[in-house]
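Please work through each task before reading its solution.

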Amino acid sequence: MFINTVAHDDDLDAFRQEVREFCHTELSGDIRARLDRGQQLGKDEHDRYMKALARRGWLVGHWPREHGGQDWGPERTGALHDELGRAGAPWLIPFGVTMVGPVIYTFGSEAQRDRFLPGIIANDVWWCQGYSEPGAGSDLASLKTRAVFAEDAEGPHYVVNGQKIWTTLAHWADWIFCLVRTDPNAKKQAGISFLLIDMATPGVTVRPIKTIDLGHHLNEVFFDNVRVPAENLVGEENKGWEYAKFLLGYERSAGGAAGKYHRYLAQLRQILGDTKEGGRPLAEDIRFRRRMAQHEADLAALTALGADQHAAFHAAGRPSLIGAAALKLRATELQQAILQTMVDVLARQGLPYQPEALDAGWNGELIGPPEMAGILYEHLTRRAATIYGGSSEIQRNIIAKGALGL
Ligand SMILES: Cc1cc2nc3c(=O)[nH]c(=O)nc-3n(C[C@H](O)[C@H](O)[C@H](O)COP(=O)(O)OP(=O)(O)OC[C@H]3O[C@@H](n4cnc5c(N)ncnc54)[C@H](O)[C@@H]3O)c2cc1C
């Protein structure tokens, strides 16, 4: 006999219901129609959605109460992300709420908390992440963007020169949190600092990068003698690597919520039923039934891994970097596998990619089923999921080093 020893949490069920109602009311009308077609939202629509979450206090529910949050444990945070994913809600843009916010309230000064946290809590200020450089992705610690300390009549400051790359949504951002080299002579991890830079500062240039899905999400960001007040240094100079790793634990855990994959599987079930071969739906084809069963088993495993990560969080008070690596690896590989199965189904009808169908207001003629453009877009976009946030090979290295105690 199986005995379930996990206490049932009625509060959590009620909260999930509240999130479902939120999705029903807030994601209605034009936004719902666009999401259902896989269309892209603009900054204004994202802002509306993020502000609706902010008004409920859900955007930073996982923050400590003393900093404006609600002291949520990982279960409640996970439940929010799970329900948003199941409802097909827009991406909850993480750069402020999940990434730099926790760094500022954990390692920042009182003045930095007062200055920066309110804008993140209300989603009034948009952030982006300046970690990667052309020669520093997996080997992030070899980054070269240089910040030189100086002092003049206007006060202590850093002069920043260098380049970041793959900077998601830098073209929407007001601020960028950057890893910069402050001591070129120290061991590479030891010479890095964590700096907050106003994107409107003279000398900051943003250049777009077009991706395989033909969209504009990514950018290069150039710094040419950018003057940054010394008060924008987070924590201690040359301790940035510690804060950077702390942030990565939050970043990599965030993608593990299973709700989105439940939605993918529902969509896959639907197109398997709608697509016929030899007069019979592909849902009856033994090869697709096997793949479906594999995806369902992998999703159950991902959910169990998520619960392990919650337990690790309770033990340490922060995400475990090794657990986050495992979660990120499994989640992104499952995501790509399900999308690949969807593409293999849609291939029966050809695979015309019509990215223009993803623009608001497009009224042209669709080739193939209405979900084609959205699924192909998602498939192309998520090819990068096993790269961004640290590639799968790097996650495997982290897990192996953790397991071997290296
Ligand atoms: C869509 C997208 C969004 C991104 N958004 C951001 C962002 O907002 N901010 C930001 O700072 N960065 C961002 N990145 C950058 C991302 O973090 C890096 O692309 C990633 O860390 C890999 O670095 P790289 O591209 O330099 O590849 P490389 O490090 O050059 O790696 C190339 C290949 O070699 C493998 N490899 C490298 N080292 C090892 C090793 N030691 N062992 C085994 N294999 C290895 C890698 O796994 C990979 O397959 C984004 C990337 C993408 C694709």
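**Exercise 1.** State how many nonpolar, polar and charged residues the shell around the ligand has.

*Solution.* Begin with the classes: Ala, Val, Leu, Ile, Met, Phe, Trp, Tyr, Cys and Pro count as nonpolar, Asp, Glu, Lys and Arg as charged, and the others, Gly among them, as polar. The shell then has seven nonpolar, 10 polar and one charged residues. The model is predicted, and local features need pLDDT of at least 70, side-chain atom pairs count only at pLDDT 80 or more, and totals for chains, interfaces and linings use all residues. Numbering starts from 1 along each chain as its sequence is written.

**Exercise 2.** Locate the shell around the ligand relative to the domains.

*Solution.* Step one: 18 residues surround the ligand, the closest being Tyr131, Gly137, Ser138, Ser391 and Glu393 (a residue is near if its C-beta atom, placed from the backbone, lies within 6 Å of the molecule). Step two: β1 (127–130) and α12 (392–404) each give two or more residues (helices, H or I, at least four residues, and strands, E, at least two, are DSSP runs numbered from the N terminus). Step three: α12 gives the most, three residues. Step four: domain 2 (127–238) and domain 3 (255–404) both contribute residues, so the shell lies between them; the bounds come from an automatic or database domain assignment.

**Exercise 3.** Identify which residues Ile197 contacts beyond its neighbours within four places in sequence.

*Solution.* With contact taken as C-beta atoms, placed from the backbone, within 7 Å, the residues are Val160, Trp175, Ile176, Cys178, Val204, Val226, Val228 and Asn232.

Notes:
Two residues are in contact if their C-beta atoms, placed from the backbone, lie within 7 Å.
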